[in-house]
Amino acid sequence: MDMETLLSFKWNVMMPEFIILGTALLLSIMDLFIKEDKSRKWLGWIGLAGIAGAILSLALMIGTEDTVILYDTFVLDAFAKAFKFILLLGAAIIFLLAIDYEPREGLKERGEFYYLLTAALLGAMMMASSRDLITLFAGLELLSISSYILAGLRRKNLKSNEAALKYVINGGISTAITLFGMSYIYGLTGTTSLTEMIPQLNSLTESGYTFIAGVSFLLIFVGLSFKIATVPFHMWAPDVYEGAPTPITAFLSVVSKTAGFIIILRISLSVFGAIPSEDGMQSMLMVFQGFIAILAAITMIVGNTIALKQKNVKRMLAYSSIAHAGYVLVGFVSFGGYFYFDAIWFYLLSYVMMNLGAFAILQAVSKTAGTEDLSAFAGLYHRSPLAGIAVTIFLLSLAGLPGTAGFIGKITIFMNAFTNSTPQIVLASIMIATTVVSYFYYFGILTQVFFRKKETEEPFKWSAPLLIVTVICMIATILFGIFPTVAFDFFKLNIS
């Protein structure tokens, strides 16, 4: 590639990525020159400023036409802009949690904490704009490798070591399966470009080629199911969520999960949605609709059922996260529904706000109590009315009760399941039943908050970062629950 061609690309569409990349490099270089015994918290504020700059640069691109650069490997379209906002917003809140985070055994490697988070965020953002298997995989691995290190950053903590080991092993298996599936599609088309694949795959008629394409879909979907922690590929999530530092657990549960759904949507809809079935009457994606529906149903049932027995709140939120992945899959499997992209985008946006709010309160409670068990929430309302009200709002939203963003998210997913060309009545019924089951463990936390005697007289301590996170998440959870059109109008009028 000559210099003239290189300069001809519209590099401004990658400005958010350049800002995050520059921030990661700046943090890593600055960390080298800070004395070992000096605090590195202020690096977190620099990282947060970089994320804010990326959000601003992305906001300035609202309303611009779709732009493709680097020979159709990077695209800034409505899909990319919509999901990058979720990724950046979630990362900004997680940075505030990271700044506040103080494990009891200390965290010497705080510098790595920040620039690995930005590197993982960069990988997720690249996935949102990738239109090529190579760049998709590169973004996926940048996210994954950074997450492996972050999960085991508490080197003196045995549970953190266990979390990192399990995450690496399961992540390596999922990567191998995903890459194996991608190799079949490359073998069928001779290209890694998603755009160039479509006309070739659309003309597949021989049953042998269709069978190979079907195997490819199964392998890719199974590999990515590890990333979003759907049953039965969820076995790593509870242990990793429990052992990882709380901000990293929050990152894995929202940003990493959102990135997993991004790559599933990109590949499934653009590639396998174009492959006709053997009878030529429907796409291959519709053929596998039943398989995905069963996966969604099992994920909702198992996630909510096992969460009932958990006494560790982190593990409880891990199984809750698994269940919520099932809810999003209900939206995904309802191809062609009237609210398809709206439902998935809004649910992920709502999930980011309510789940990060819950993790913020958990981090504050565990810092004071020294434990993440359910008993640590005993008497929380009497120690801090604001904390008690905040965790109530977040848990009611996760449960999907009216007046919260979670309720609107679930209703939108539910309506999308019924407006589909083949209504998912059974799947929607399972969604309702498992949502009711989730009330028991969410309300179990609230029982501790309001009706159990406090086990410590130590006052609840608010730090500035935690207070900011809690207030932002509370406002967003209530705002999107009462005025959901604020988010939907932003999605429809400004993004799409």
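Author: A word on terms: helices (H or I, at least four residues) and strands (E, at least two) are DSSP runs, numbered from the N terminus. This is a predicted model, in which local features need pLDDT of at least 70, side-chain atom pairs count only at pLDDT 80 or more, and totals for chains, interfaces and linings use all residues. Residues are numbered from 1 along each chain as its sequence is written, and side-chain values use heavy atoms, with hydrogens and water left out.

Reader: Where does Ile 69 sit, and is Ile 69 buried or exposed?

Author: Ile 69 belongs to strand β1, which covers residues 67-69. Ile 69 is buried, at a relative accessible area of 2%, where buried means under 20%, exposed over 50% and partly exposed in between, with a 1.4 Å probe and protein chains only.

Reader: Which residues does Ile 69 touch?

Author: Setting aside residues up to four places away in sequence, Ile 69 touches Phe 9, Lys 10, Trp 11, Val 13, Met 14 and Phe 74, contact meaning heavy atoms within 4.5 Å.

Reader: Now to the helices. What surrounds Thr 258?

Author: Thr 258 is in helix α11, residues 246-270, and is buried with a relative accessible area of 1%. Beyond four places in sequence, Thr 258 touches Phe 83, Ile 86, Leu 87, Leu 348 and Val 352.

Reader: And what lies 2.7 Å from a polar atom of the side chain of Thr 258?

Author: That is the backbone oxygen of Val 254. A polar contact is a pair of N or O atoms within 3.5 Å; within protein, one must be able to donate a hydrogen and the other to accept it, and residues adjacent in sequence count only if both atoms are side-chain atoms.

Reader: What about Thr 249, which residues is Thr 249 in contact with?

Author: Thr 249 is also found in helix α11, and it is buried with a relative accessible area of 0%. Neighbours within four places in sequence aside, Thr 249 is in contact with Val 240, Tyr 241, Ala 244, Lys 314 and Phe 359.

Reader: Let me switch to the core. Which residues of the largest nonpolar core touch the most other members?

Author: The core has 172 residues, and those touching the most other members are Phe 83, Phe 272, Phe 332, Trp 345, Ile 361, Phe 377 and Leu 380. The largest share of this core, 20 residues, comes from α15. A nonpolar core here is a set of buried Ala, Val, Leu, Ile, Met, Phe, Trp, Tyr and Cys residues joined through side-chain atoms within 4.5 Å.

Reader: What does Trp 345 touch?

Author: Not counting residues up to four places away in sequence, Trp 345 touches Ala 82, Phe 83, Ile 86, Ala 487, Phe 490 and Phe 491.

Reader: One last topic, the backbone: which peptide bond is cis?

Author: The bond from Val 231 to Pro 232 is cis, with omega near 5°, and Pro 232 is in the loop between α9 (207-228) and α10 (237-243). Ala 229 lies in the loop between α9 and α10, where its phi is near 60°, a positive value in a residue other than glycine. Most residues other than glycine have a negative phi, and most peptide bonds are trans.

Reader: Is Ala 229 buried or exposed?

Author: Ala 229 is buried, with a relative accessible area of 1%.
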